[in-house]
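The sequence and the coordinates are shown below, followed by notes grouped by topic.

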Amino acid sequence: MPRARRLGRPALLAAMAALVAGPALAAAANGRVAPYLADLFPSTYTPPAAPETLIVHAIVLDGAGHRLDDGQVLMGSGKIIAIGHDLKAPGARLIDARGRWVTPGIIDIHSHDGTYHLPQTAIDAEASDVAELSDPNTAGVWIESGIDAEDLAFAHALASGVTTLQVLPGSTPVFGGRTVVLHPVPALTVQAMKMPGAPQGEKMACGENPKTYDVEKGRGPTSAAGEVTFIRDAFAKARTYKAKWDRYLAGETADAPEDDPRLDTLAAMLEGKIAAHIHCYRASEMAIWLDLARDIGFRIAAFHHAVEGYKIAPLLVSRGVCAVVWSDWWGFKVEAVDGIRENAAFIDAAGGCVMMHSDGPFLGQWLNVEAGKAAAAGRRAGLALPPEHVIAWLTSNPAKAMGLADRIGALAPGLDADLVVWSGDPFSVYTHADLVFIDGAVRFDRSQPPPAPDFQLGRAPTP
Amino acid sequence: MKWLLALCLAAACGAASAATAIIHAHAFTMAGAGEVQDATVIIDDGRVVSVTAHGPAPAGARVIDAGGRVVTPGLISAATQLGLAEVSLAADTDDRAVSSGPLGAAFDVDYAFNANSVLLPVARADGLTRALIYPGMGAGPFSGQAAMIRLIPPGGTVERSRAAEFAVTGQAIASKVGGSRAAAWGLIRNALGEARRLGEGKLDPRARLNSLPDLEALQPVIAGTIPLVIQADRASDLRQAIDLARDEKVRVVILGGAEAWSLATELAAAKIPVILDPQADMPQTYDQIGARYDNAALLAKAGVPIAFQVSGNGVYLSYNVGEAIRWGAGMAVANGLPYQEALAAITSAPAAIFGFPTGAGTLAPGADADVVIWDGDPLEPASAPTAVFVGGEPAPLITRQTLLRDRYAPRR
């Protein structure tokens, strides 16, 4: 890792703001930069150089609704160059995928990898890194600052076809903190996994989790309605905070306001730079939070878990909010008793943006089977749901929800060459990810298993 | 009921007493007949009569054309908590375990089984017709007594209570027994010793650690009439379990067994079955450092009897049990286990391990006619039954979930 040059604070902020926010968010004319737009831990991810590669004779699902039989995918310089038939690529490395399927890499929009440490120990029971629990509002947390890059789950995700994942803080606080988008590549630092320029989200939680925890701790909201009031209070402060900063940035005041990490995140939400990812199960609560967000002026990217999403699918569609669901988890908590297996299919049928998620390292290895199960339930209920459509639940839909649809989630010219060569039908329990490409480079090859992670060295017995 | 069948063959039977013939089935009998293509499965009086290739349907029989679909015995879960928790995170609906109070080995889940649980029809609609329901971890190493249930509509019924005793070892129990897993083994051995002395009339009542109800509950374990199911993952604990079985002459079954593959030869020699989770490929705890996908394949190859439990973060211990164990079986196949051995691990093998009624988990002649017709490969979790017979009668596939589905289905 190159050492960062020491920069003075304004210059440093300016550099970071440029990195995180792109040209549209350059510093104010006077050189001042809003702290709420800074990137504190810039990405150092660089894909390895990879030769131009042509995959032939594959069943291709492009993630955008199309299926090509005996199809070809050409990639080079880390991007998809073309998909189709009879592509010409002299000198390209050729991969014969006869009998195999090719899809965009899986995007897991809801992961706790790197913070839900494997193996779990008493240390995690005492002080888990999944969520900061010191306050019901930990909006100032950046979950990336607590991620173990060497967590075993990352390699398992990669070997299962996951090319991008969003790690979110856990759902105990109302405001959990900022999310981060990673490629699950072998690395010693989180920065080296961090997808450059990917937007952060803010994890929020409704319902049982925050209210019951705060009852236990004797602070914060203790009811569903209290959670809503708590959010209004928090944003009222953030609005004042942001106004102070905006006056300073505009040169109307001389002294910079005091920086507050929590309010920074909420200000960035009010600025429209960070969208909310909300843990929420019940239809009635989702409907309230939709109005709440509209009233306050922040954007909801998706409701996560959303086991009653099917009950209000048209509402989700009309508000442009995605639903992040399991195939079949239900019943284990009161707010989940109305879960049905057709949830994804019914939201999809309403025109909604629906996707699968892992929420844990084990399920993060079988998202393809999750989608297969959810689609099969939908087909039994009479919906068509061909594979070329269902693959969007793992690829283009999460890309859209994460604000990355212009970069990943589909096999289209110019998009990142993140894709999987599957040994067969990607939705089958028997299928393995044979090859996993990220930015055009092979990052997993089933015929050449990677070396054991550091943790396993000298530990695991062999048969 | 052979006379009835003969009568039916001679003259048309009334609908009430008709036999059922499932024709054109791709049958997996899990018994002597093995896999039978284009099979005719004949059911009468609640029992399987025969499974034969191209066999004729008896005259008057209710004929069901499977159209080449797979037909299997009803599935059996070797270890589930169906009917013991309705909303597992709402403690007032959760009767899986006792975390305090006087009962250890004597805790009996039979008394808590809820035949009206909405989880039962869901499991049956996924092909499950029998299960062993077991207690969760208690205040000491003994969790309590498990029961066999049969998913007879509308919900289910306890078929045999006190069918197995469960115990927990390893890191999971260490904090409950003073801080070391060693204490759990000491307590288990001591309890078995006290139980034996009680049975022999030699127990000194002033020098016992265990209550009389707990020691009485252990009598069938001592007698070898029910197994002691020991939850253990780490190789060291598995060795302890093997030693315990030898020293105490009790029938031991392992639940978990993440590192069991590393002791496959020893477990096979000791005839100790393993109920494992084929999805457990990563170490959730330090006891599972050696967890790997091919655990099932390696154990089966060595001759260890195996059955499956799929935890799914604990969700699948109660919810979607029928689907989850098929998923696990499919994953075991994807990682090297022969197909029929995987199917056996969720049908005939758990029946054999726990001594379910003769023929359970098979389509052998005389077996209870718990039969499932599948819309695809049953080991694909995306597949589902098109029909489930329990005791020869078709069970409704309506669940609380299908009622919600029908209420909210998009209009087409």
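Just after helix α6 (residues 261-270) of chain A, A:G272 takes a positive phi of about 85 degrees; helices (H or I, at least four residues) and strands (E, at least two) are DSSP runs, numbered from the N terminus. This is a predicted model, in which local features need pLDDT of at least 70 and side-chain atom pairs count only at pLDDT 80 or more, while totals for chains, interfaces and linings use all residues. Residues are numbered from 1 along each chain as its sequence is written, and chains are lettered from A and ligands numbered from 1 in the order in which they are written.

**Enclosed helices of chain A**

- Eight of the ten residues of α6(A) are buried, so the helix is largely enclosed by the rest of the structure; a residue is buried if 20 or more other C-beta atoms lie within 10 Å of its own, exposed if 12 or fewer, and partly exposed in between, with C-beta atoms placed from the backbone.
- The buried residues of α6(A) include A:L263, A:D264, A:T265 and A:L266.
- The cover over the buried residues of α6(A) includes β8 (175-178), β10 (201-205), α5 (224-249) and β11 (275-280) of chain A.
- Helix α10 (residues 367-380) of chain A has 14 residues and reaches 20 Å from its first C-alpha to its last, close to the 20 Å expected at 1.5 Å a residue; the expected span is 1.5 Å times one less than the number of residues.
- Because twelve of its 14 residues are buried, α10(A) is also largely enclosed by the rest of the structure.
- Among the buried residues of α10(A) are A:E370 and A:K373.
- The buried residues of α10(A) pack against β6 (106-111), β7 (162-167), α9 (343-349), β14 (354-356) and α11 (387-390) of chain A.

**Strand pairing around β5(A)**

- Strand β5 (residues 101-104) of chain A pairs in the parallel sense with strand β1 (residues 53-61) of chain A over two bridges; two strands pair if DSSP finds at least two bridges between them.
- In this pairing, A:V60 stands opposite A:V102 in β5(A).
- β5(A) is also joined by four bridges to strand β15 (residues 419-422) of chain A, and these two run antiparallel.
- A:W101 stands opposite A:W422 in β15(A).

**Confidence in chain A**

- Chain A averages a pLDDT of 93, and 93% of the residues score at least 70; pLDDT is the predictor's confidence in each residue, from 0 to 100.
- Among the elements of chain A, β5(A) has the highest mean pLDDT (99), whereas helix α1 (residues 9-21) has the lowest (36).
- Over residues 1-26 of chain A the pLDDT is below 50, although this stretch has 30 contacts in the model beyond near neighbours in sequence; two residues are in contact if their C-beta atoms, placed from the backbone, lie within 7 Å.
- Where pLDDT is low, the predicted coordinates should not be read in detail.

**Interface and nonpolar core**

- The contact between the chains takes 42 residues from chain A and 39 residues from chain B.
- On the side of chain B that touches chain A, α10 (321-334) and α13 (400-408) of chain B each give two or more residues, and α10(B) gives the most, with six.
- The largest nonpolar core has 294 residues, and those with the most contacts inside it are A:V73, B:V41, B:L132, B:I133 and B:I254; such a core is a set of buried Ala, Val, Leu, Ile, Met, Phe, Trp, Tyr and Cys residues joined through C-beta atoms within 7 Å.
- α10(B) gives the most to this core, with nine residues.
- Leaving aside neighbours within four places in sequence, the contacts of B:I133 include B:L82, B:L84, B:V109, B:F113 and B:I149.

**Local backbone features**

- A cis peptide bond joins A:L118 and A:P119, with omega of about -10 degrees; A:P119 is found in the loop between β6 and α2 (122-126) of chain A.
- In chain B, a cis peptide bond joins B:P153 and B:P154, with omega of about 5 degrees; B:P154 is in the loop between β8 (142-150) and β9 (157-168) of chain B.
- A:D70 has a positive phi of about 50 degrees although it is not a glycine; A:D70 lies in strand β2 (residues 67-76) of chain A and counts as exposed, with 12 C-beta neighbours inside 10 Å.
- B:K249, likewise not a glycine, has a positive phi of about 55 degrees; B:K249 lies in the loop between α7 (235-248) and β11 (252-256) of chain B.
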